[in-house]
Amino acid sequence: LVFLDADDWLYPQALEKNIGQFKKKPEAAFVSGAYKYFYEETNTYIIADKRISKNCYKDLLQINHIAMIATVLFKKWVFNEFLFDESLKNCEDYDIYLKITRKYQVHFHKEIIAVYRKHTSNMSANSFEMLKGALHVLKRQKKFIDTFSEYLAYSKGKFFWKMYYGKLIILESVTLTTEKKRYNYLDFLKRYPVTFILLSVKITQKSTIKTVIKNHFKKYFPSFMLRLLNRFGLYKMFIPGVHKVKKGDFERLKPFSTLYGYDRGGPVDRYYIENFLKKNKYVINGNVLEIKDSTYTKQFGTDRVTNSDILDIDQKNADAKIIGDLQNLPHVQDNVYNCIILTQTLHLIFDVENALKTCYRILKPGGSLLVTVPGIVPVGHDNDFEHWYWSFTEQSVNLLLKKSFPKSDAVIESYGNVFAATAFLYGMGLCELTPQQLEYHDKHYPVSICAFVTKVK
């Protein structure tokens, strides 16, 4: 007996060739030949690999190497003892192969006698259902296994089916957009997470589909799984979402963001800078000078400010009233300003001493300088990198101000701690840190150093 599916083909003399094989192996319960795949969409043939098995039962526990039932010619007596299980939705051929080969010898040959047509209507096109069916049929054999080699083959078989159909399920979920395919994808992940991880790594290593797969994983793969892959060095693209950073996420060589946290809720250091300005806002009054723009003058000076000037070295800044280098501003008169807001600027000036002396000169007696400088921070990921010269400590700021404001006592404060500094270096956003994490200050790990100094009359 031979079973030919409605959509498959037998070559001429297929039956004769199989019958002839029984002469070589008269005790065989069935014989099986080779076949080709025919892909309708591309109108191409591919010869299927045909394994010549010595221990067919053990080999079938690992993989259904017969695959196409039309290649099999059964002796009629087989069906006096074995029947197809009609309760199975699929893989009923795999089931009966296992039943027969567990008890009787069979025979294989490599003559091509059939064509397996592949198209979208194939029952086997539903990868998730085929996976469930193959594993169900295989598990039925567990009670009959009585040797270690058979148990090893059985274990390999379970792994094979998960990897084989799992790959198809993942690829289908990328290329097909039906809700059913997406459900199968998530269900496979839920049932077989370890296999999913192995397949994810294997698939993403293939450059032809690498970008598509990685984007898909980022969209649909649960964050905890991506994090786990990253921990093992298998998915280096993982970046935890805002408010999703965990301690283990710092085990990486690149930050989450190179935009100082602007893309994740704002920079950590701005919290300290703005709190410092808010605390000392009463000195932002009268004639005020700020660098590049007047944001903080407007925010903290309000109606106390009578005039606001902007200084910038860049002539393209249309808002800047004064164009020049703070290291040397001969065109600005002495004793002009009641307040200078100098936030995050000194690290971009090589001759810091002269810049501070200029501030002293152009301040009115009794005028105040509010200055902030970076401590432990990312160094110039933006256009400032080529001009980024310094990071500071409390001690260095104190000595610089003593030289430039000789009769004044500067109030210097450092803000931050090891966690805040680490978070800032990794590009975490301000909203990802709690008030407790921000408000604890450890002088050994300054994020921002802020100073308030008045020019003595």
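**Terms and values in a predicted model**

Tutor: Helix H14 gives the largest share of the lining of the largest cavity, 3 residues. This is a predicted model, in which local features need pLDDT of at least 70 and side-chain atom pairs count only at pLDDT 80 or more, while totals for chains, interfaces and linings use all residues. Residues are numbered from 1 along each chain as its sequence is written, and side-chain values use heavy atoms, with hydrogens and water left out.

Student: What makes a space a cavity, and what makes it a pocket?

Tutor: On a 1 Å grid over the protein atoms alone, a cavity is a set of points where a 1.4 Å probe fits but cannot get out, whereas a pocket is an open set with protein on both sides within 12 Å along at least five of seven lines; a lining residue has an atom within 4 Å of a point. The structure holds 1 cavity of 30 Å³ or more, and the largest cavity has a volume of about 30 Å³, where a volume is the space filled by probe spheres set on the points, which are joined across faces, edges and corners.

Student: Which residues line the largest cavity, and how do they divide by type?

Tutor: The lining consists of Leu346, Leu356, Val371, Val373, Val397, Leu400 and Leu401. Ala, Val, Leu, Ile, Met, Phe, Trp, Tyr, Cys and Pro count as nonpolar, Asp, Glu, Lys and Arg as charged, and the others, Gly among them, as polar, so the lining divides into 7 nonpolar, no polar and no charged residues.

Student: How does the lining of the second largest pocket divide?

Tutor: That pocket holds about 990 Å³ of space, and among the 37 residues that line it, Lys292, Gln344, Thr345, Leu348 and Asp384 are the closest to its centre. Its lining divides into 18 nonpolar, 9 polar and 10 charged residues.

Student: Why is Thr343 called buried?

Tutor: Buried means under 20% relative accessible area, exposed over 50%, and partly exposed in between (1.4 Å probe, protein chains only); Thr343 has 13%, and is therefore buried. Leaving aside neighbours within four places in sequence, Thr343 is in contact (heavy atoms within 4.5 Å) with Ile273, Leu277, Tyr296 and Thr372.

Key:
Helix = DSSP H or I, 4+ residues; strand = E, 2+ residues; numbered from the N terminus.
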